[in-house]
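We'll go from a pocket to a helix, then on to a few residues inside.

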Amino acid sequence: MNAFDPEALGARAYAMIAELAAISAEPKRLIRQFLTPEHRRAADLVASWMQRAGLAVSEDALGTLRGRFGTSRRRLLIGSHIDTVIDAGKYDGPLGVIAGIIAAEPFARSKAKLPFGIDVLAFGDEEGSRFPATMTSSSACAGVFETAALTGADANGVTLAAALRAYGKMSQDIAAAAYRPQDAAAYVEVHIEQGPVLEAKGEPLGVVTGIVGQSRLRVTVTGEAGHAGTVPMELRHDAFAGTAEMTLALEKIAREHPEDGMVGTVGRIEALPGAVNIVPGRAVFTVDLRSLTDELRLAAVARFTAETQAIAAARGLKIAIENFHEVATAHCAPALQNALAASVTECGHNAIRLPSGAGHDAQIMSRLCPAAMLFVRCRGGISHNPAEFASVSDMGVAIAALIRFIEKFQPG
Ligand SMILES: [Zn+2]
């Protein structure tokens with residue numbers, strides 16, 4: 001059996017993905033959040049794989065595992081994340097980490113003489129499913145970690161700072177997690193597409209042109225709680241009814257730029273006090289707005305802000321809007337895109353070019369060094385769902401293409 005046979009590579013990847021997927025906070029669904037006991041167990045398993053592949057393992061102050069090959073200062077970084085959303089699929093994140101380990105292994109085992117070293121990175125906080133901030137692990141590696149994120153708390157009131165301490169990490173070591181820009185030659189990430197484009201085109205792999213920017217807001221609407229039976233409609237200051245109108249305003253704004261891939265979502269709403277017979281006096285909701293062009297997205301945020309203020313004024317409500325997450329569009333490096341596309345072609349497939357509507361660690365890493373992504377076809381475009389699926393052969397072709405990419409990579 002050829003060691004670079006896609007079927008064999010894919011079968012190995014699948015076995016590892018299945019083993020990692022067994023590590024969860026709950027037996028019946030996959031939940032692996034940042035800095036939890038499950039994260040620890042997953043990281044220990046990944047570390048053992050890295051060691052077996054001949055990589056030297058270390059872990060930084062945000063829990064990012066690094067599997068290192070070679071002593072060259074210039075590093076090719078290959079990574080993805082091992083945290084998950086709630087009730088997740090098993091491929092989103094782990095595939096990229098495992099692809100990196102399997103692809104680095106032949107170079108590490110043969111002690112290949114390359115003009116660069118390889119670091120395989122397993123980030124722990126990409127999904128943002130525990131703390132308000134997301135991608136804090138890749139931010140630390142890229143040297144763009146914002147210390148304000150440390151005070152953000154999870155649903156149980158545990159701050160990121162406290163969770164890091166409990167995980168055995170020291171906040172004062174975060175700065176040391178950053179790569180020096182002159183050492184980071186490139187960052188490459190393999191990931192399931194999380195969309196339907198590759199399946200529709202009948203191709204296993206796609207080269208990502210850019211990752212859409214994202215704005216996330218938290219809106220607090222304050223009205224006046226009252227008896228649901230005795231307060232007449234015209235005298236109400238219903239915080240939730242205002243929220244509903246604001247949600248529709250967002251939908252209208254986001255629909256105006258389909259050509260730019262703009263999408264807007266209110267994904268979380270809390271109405272208080274939350275009783276069947278009380279007019280809600282307070283509502284808190286989140287807004288997630290994405291698009292390929294930063295200017296259009298920021299203009300949409302400004303318009304949403306103005307329209308919600310007008311809605312609040314008309315209803316006698318007070319609002320506070322907090323922009324808690326802002327990531328600019330990241331354009332993938334053209335030279336890396338071309339190199340990935342050439343590797344895909346050598347593996348016998350057409351390299352489809354496509355943008356990413358989902359956020360990825362590559363978006364953050366592109367602030368450190370040239371970055372690129374290789375997408376793998378997934379069934380029905382489904383992700384963040386237990387039905388998430390990528391075939392063994394598609395994953396194998398991705399790893400084969402990654403190995404070819406490493407063989408020809410020039411650190412510049
Ligand atoms: Zn992911």
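How many nonpolar, polar and charged residues are in the lining of the second largest pocket? Sorted by class, there are ten nonpolar, six polar and four charged ones; Ala, Val, Leu, Ile, Met, Phe, Trp, Tyr, Cys and Pro count as nonpolar, Asp, Glu, Lys and Arg as charged, and the others, Gly among them, as polar.

Before going on, some ground rules: this is a predicted model, where local features need pLDDT of at least 70, side-chain atom pairs count only at pLDDT 80 or more, and totals for chains, interfaces and linings use all residues. Residues are numbered from 1 along each chain as its sequence is written, and side-chain values use heavy atoms, with hydrogens and water left out.

Back to that pocket, which holds about 470 Å³ of space. A pocket here is an open set of points on a 1 Å grid over the protein atoms alone, where a 1.4 Å probe fits, with protein on both sides within 12 Å along at least five of seven lines; lining residues have an atom within 4 Å of a point. The volume is the space filled by probe spheres set on the points, which are joined across faces, edges and corners. Of its 20 lining residues, A133, E146, A149, F324 and H325 are the closest to the centre. Two elements give two or more residues to the lining, α4 (136–142) and β13 (318–327), and β13 has the largest share, with five. Helices (H or I, at least four residues) and strands (E, at least two) are DSSP runs, numbered from the N terminus.

Now find α3, residues 94–109. Its 16 residues reach 22 Å from first C-alpha to last, close to the 22 Å expected (1.5 Å times one less than the number of residues). Of those 16 residues, 14 are buried, so α3 is largely enclosed by the rest of the structure. Buried means under 20% relative accessible area, with a 1.4 Å probe and protein chains only. Just after α3, K111 takes a positive phi of about 45°.

H39 sits in helix α2 (residues 37–52) and is buried too, at 2% relative accessible area. Leaving out residues up to four places away in sequence, H39 touches R32, Q33, F34, G63, I82, G124 and Y167, where contact means heavy atoms within 4.5 Å.

In strand β7 (residues 213–222) you'll find V219, buried at 0% relative accessibility. Beyond four places in sequence, V219 has contacts that include A283, F285, F304 and I321.

Definitions and conventions. Buried means under 20% relative accessible area, exposed over 50%, partly exposed in between (1.4 Å probe, protein chains only).
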